[in-house]
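Please examine the sequence and the structure shown here. The paragraphs that follow lead through selected residues, ring pairs and spaces.

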Amino acid sequence: MAAPFYVEFAEILECAMNRIALVFLALGVSFSSATLGIDTIAAISTSGFQCLKNNGYWFYIGRIGQSNGGIDNGGIQNIKNAWAGGLGAVDAYLFPCHSSGCASAKQQVINTVNALHNAGAKFGMLWLDIEIYNWGSSQSTNQQFILDMVAQCKAMGVSIGIYTNNNNWQSIVGINWNGVSQYPLWWANYNGQANFNNFVPFGGWSKPSIHQYSGDVKGACSVGNVDMNWYP
């Protein structure tokens, strides 16, 4: 008995799709979906992270080193909760302190990393937050501060990333300074677009690794105000 028409059509369609897939593979085109994540200083429970995962979020980046020189224990707990909630990648960031009573650049890294390790909080990368907030007027001094943080991360075996944007970089170290361009860039630009389309190269970076595309928005799963992030 002849196969029904819809069966023949399904077989033809499957064959055609397989051939199309082979053509794309031959051209080097990949079928990858974009990846969404958040960063926030708001407390999120394990169940909150489970909900975020179920709503399509893959990664979280938590603040640990604070601009006042302290350690954000809530951020440490968030990192632990994010792993427990099933997120696929969890990082930390350090917002450096520049007041007169603050520790050195290297000591701030030591304090941040040790706090994570002592709490048993696993993290993939430590992002160094370079944005306009109490930095000195000397760009060469600021450059050395960043290099000192990077050197300490390397000494402790910590993977490094840089959080900044064109305006912050211009003000703090000079738009053309490329002293840390070998590390991934977490690009802050609140244009509401989950892509890299409007990126203008600076500081030796030709493209970012992550785009923070929206800030202080109401997050999914009633988790409070969050910053929205994306990478391809």
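Does aspartate 216 count as buried or exposed? With a relative accessibility of 60%, aspartate 216 counts as exposed, where exposed stands for over 50% relative accessible area, buried for under 20% and partly exposed for the range in between, computed with a 1.4 Å probe on protein chains only. The model is predicted, so that local features need pLDDT of at least 70 and side-chain atom pairs count only at pLDDT 80 or more, while totals for chains, interfaces and linings use all residues. Residues are numbered from 1 along each chain as its sequence is written, and side-chain values use heavy atoms, with hydrogens and water left out.

Aspartate 216 belongs to strand β7; strands (E, at least two residues) and helices (H or I, at least four) are DSSP runs numbered from the N terminus. Although aspartate 216 is not a glycine, its phi is positive, at about 55 degrees. Serine 222, another residue other than glycine, also has a positive phi, near 55 degrees. Serine 222 sits in the loop between β7 and β8 and counts as exposed, because its relative accessibility is 66%.

Leucine 52 lies in helix α2, residues 46-54, and counts as buried at 1% relative accessibility. Along the chain, leucine 52 and alanine 220 are 168 residues apart, yet their C-alpha atoms are separated by 6.6 Å. Apart from residues up to four places away in sequence, leucine 52 touches Ile38, Ile44, Tyr57, Ala220, Cys221 and Val223, a contact being heavy atoms within 4.5 Å.

The side chain of threonine 164 reaches the backbone oxygen of isoleucine 130 at 2.7 Å. This is a polar contact, that is, a pair of N or O atoms within 3.5 Å; within protein, one must be able to donate a hydrogen and the other to accept it, and residues adjacent in sequence count only if both atoms are side-chain atoms. When neighbours within four places in sequence are left aside, threonine 164 is in contact with several residues, among them Trp169, Trp187, Phe202 and Trp205.

Over the whole structure, 14 aromatic pairs are found; rings of Phe, Tyr and Trp (its six-membered ring) pair if their centres lie within 6.5 Å, with planes under 30 degrees apart counted as stacked, over 60 as edge-to-face and the rest as tilted. One of these pairs joins tryptophan 169 and phenylalanine 202 edge-to-face, with 6.5 Å between centres and 65 degrees between the planes. This pair links distant parts of the chain, since tryptophan 169 is in helix α6 (residues 166-172) and phenylalanine 202 is in the loop between β6 and β7, 33 residues apart. Tryptophan 169 is buried at 0% relative accessibility, and phenylalanine 202 is buried at 4%. Phenylalanine 202 also pairs with tryptophan 205: the centres are 5.5 Å apart and the planes lie at 65 degrees, so this pair is edge-to-face as well. Tryptophan 205 is buried, with a relative accessible area of 5%.

Asparagine 195 is in the loop between β6 (185-188) and β7 (210-218). A polar atom of its side chain lies 3.1 Å from the backbone nitrogen of asparagine 197. Residues up to four places away not counted, asparagine 195 touches Trp187, His211 and Trp230.

The largest pocket has a volume of about 360 Å³. Among its 19 lining residues, the closest to its centre are Asp39, Ile41, Tyr93, Glu131 and Asp227. Strands β7 and β8 (225-231) are the elements that give two or more residues to this lining. The structure also holds one cavity of 30 Å³ or more, and the largest cavity contains about 50 Å³ of space. On a 1 Å grid over the protein atoms alone, a cavity is a set of points where a 1.4 Å probe fits but cannot get out, whereas a pocket is an open set with protein on both sides within 12 Å along at least five of seven lines; lining residues have an atom within 4 Å of a point. Grid points are joined across faces, edges and corners, and a volume is the space filled by probe spheres set on the points. Helix α4 (residues 105-118) gives the largest share of the lining of the largest cavity, three residues.
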